[in-house]
Amino acid sequence: MSVTDDYRTNLENSLMDSLPAVSFNQLAFDQFKTIRSARGLYYARVPFRGVSIGKKFYHLRTDSLGHVINGKLVDLSELKITPGTKTQKATIDGRVHKSNLSGQNEVIELIKSGKIQKKMTSASLRGGGGGGGEDDPEEPEPIGEQTLPEFVLVCTPDNSSSWMLLDEPEINWDFPEMDYARYYEIEPTTETITESYVDVEVQAVPPGKVDILKLLKCFDNISNYGGNVTFKIKINADVPINSLPGAWINSSLSPGHTFITLTKSNGTETISQSFGFYPGESGSESTIRNNEEREINASLEMNLSEEQFGTVITTAGTYAGTTYNVITNNCTDYALAVINSVRSQTLTTDPLPVWGWDLTSGNILPETVNNSPQSLYAKLKDMKNAGGSEASQINIDDSSSSHAPESHGECN
Amino acid sequence: MRTVLVIIVALVIIYLPVRFVVHLISPNDVSFSNADGTFTATEYLKKGDDYDLIKRRFELFKNHVRKNETSYVGRDTAVLYRLDPMRVWQIWNYGEFLFNDKYSLPYKNWEEIRQIRGSKGNNRFQTF
């Protein structure tokens, strides 16, 4: 949200009227943050001079002009964040202090492992309140507590923090430049708290790409028990020009694509995931993209056992970490590696001789591409025409009307 | 020394112009969004992820909204906008501007949408 001088002036004037002078004089208005929620409401966060905005700030709701409607003082300086590792999630422990604008009616939330364990008033903490440190239902909430939306504390690797509003229709994060970020929802309106944290790997999964492990994890959502559990894998080829299936590239210089569709069903429940291997971006060596709705010109489907499905998932996850190379390790190599991990007869294709330009490096390519969508298409068509045992599992469609099924998306 | 000179000359005469031409004839990947940014997508033409694919995914998104996403009810989700303007100086793209369906979509500035939406959410139909 762009902030006008008028907004800031009105915000300052409102707080000057509402805050004790000693507090007002400590505020760093040149560092305040604003956000406009999806509902069109305006919020501001004003830090103190010399104190990180992630540690202590005034959390305010304003009108569009910057006039303060209500607010509270939030102090997170007693929170301790232990960064996570690859195998261990980050933890957050300590206390969150909240009070009204004048610093009174303080509520203290005890946080353990990212969850609110207990809410107390400062009076009860000192032993003078109603009942052994427990929250007193008669104790009035801090001013604005009932009307301000709660915030989501976002913790980053360097222990700084940001905030989000829980009245947003979705959880958002603001750290595109970070390697990763973690968020913790702290919701004081309920005694027991919501999910404590979710990992966000911003750089590892750039926009438009998917985390293969989170994609494959969704299959855990369907039980392996019962008599109707089925597992399937399908390898799909999308050639660049349907009327010329052997053509290297189309007018957009696309060489086509090969990808995998995995499906697990149990009774009426079905989850499908279609995904493929792509060149890396933003410094990564390769990426996996969701291929739902992608066109299919040739495909081979296989029924799998539960054990084979597990092998496929392991291979898909492991091979996704290899380096993409258009000649030696491309999308077709990836898809063949995944499906061949459970085939008794390895599926192979004929090399495709090419002369062209590598758009990434600009180099001439007097080479043969070991595996390609074009050669996979030709292979599957030959197998279909030969009428072998798998012919009925092969589908050839040059009409652009076959598409990959809807994918489930990622699961945490 | 002579070999080095030949390589440099070859670079200048062959490689650089060819790269420039490849850059020119390679169509630009165009980005799309609905009015509130709950659906966003970008083409990846070098691998065939084109506007037709994005249209199919947008239909999927709208079905998804109708069935599941009650929080989107009443919001402006159903119209797809093009986020890349038609730049008159890109004469090599005039054919695309005139005949490609994606350029018949209304244009909207991404900053306007981003200010409404805020940051990218946890919605799988948002690719940025």
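1. Start with the term. A residue is called buried when its relative accessible area is under 20%. By that cut-off A:Cys218 is buried, and A:Cys411 is buried too. Keep in mind that this is a predicted model.

2. These two cysteines belong together. A:Cys218 and A:Cys411 form a disulfide, with 2.1 Å between their sulfur atoms. A search of the whole structure, over all chains, turns up 1 disulfide. A disulfide is a covalent bond between the sulfur atoms of two cysteines.

3. Next, the handedness. The torsion about the S-S bond of A:Cys218 and A:Cys411 is about 110 degrees, so the disulfide is right-handed.

4. Why does A:Cys331 count as buried? Its relative accessibility is 2%, and the cut-off for buried is under 20%.

5. Now the sheet in chain A. It is an open sheet of 6 strands, in the order E15-E14-E13-E12-E16-E19. The pairing is antiparallel. Strand E15 (286-290) and E19 of chain A are the edge strands, each pairing on one side only. From one strand to the next, the twist averages 20 degrees.

6. Look inside the sheet. E12(A) and strand E13 (residues 257-266) of chain A run antiparallel and are joined by 10 bridges.

7. Which strands does helix H7 (residues 373-386) of chain A touch? Helix H7 packs on the sheet and touches E12, E13, strand E16 (298-304) and E19 of chain A. The direction of helix H7 makes about 115 degrees with that of E19(A).

8. Turn to chain B. Its secondary structure comprises 4 helices and 3 strands. Along the sequence, the pattern of chain B reads α-β-β-α-β-α-α.

9. Chain B also has packing figures. Of its 128 residues, 39% are buried. Among contacts in chain B with a separation of 6 or more, 61% come from residues 24 or more positions apart.

10. Last, the surface of chain B. The accessible surface comes to about 7,300 Å². Carbon and sulfur atoms account for 62% of that area.

Definitions and conventions: Residues numbered from 1 in each chain as written. Chains lettered and ligands numbered in written order. Predicted model: local features only at pLDDT ≥ 70, side-chain atom pairs only at ≥ 80, totals over all residues. Heavy atoms only, no water. Disulfide = S-S within 2.5 Å. Buried < 20%, exposed > 50% of the residue type's maximum accessible area, 1.4 Å probe, protein only. Helix = DSSP H or I, 4+ residues; strand = E, 2+ residues; numbered from the N terminus. Contact = heavy atoms within 4.5 Å. Areas by Shrake-Rupley, 256 points an atom, 1.4 Å probe, with all protein chains shown as cover. Pairing = 2+ DSSP bridges. Axes fitted to C-alpha atoms, helices over the stretch in contact; angles between N-to-C directions.
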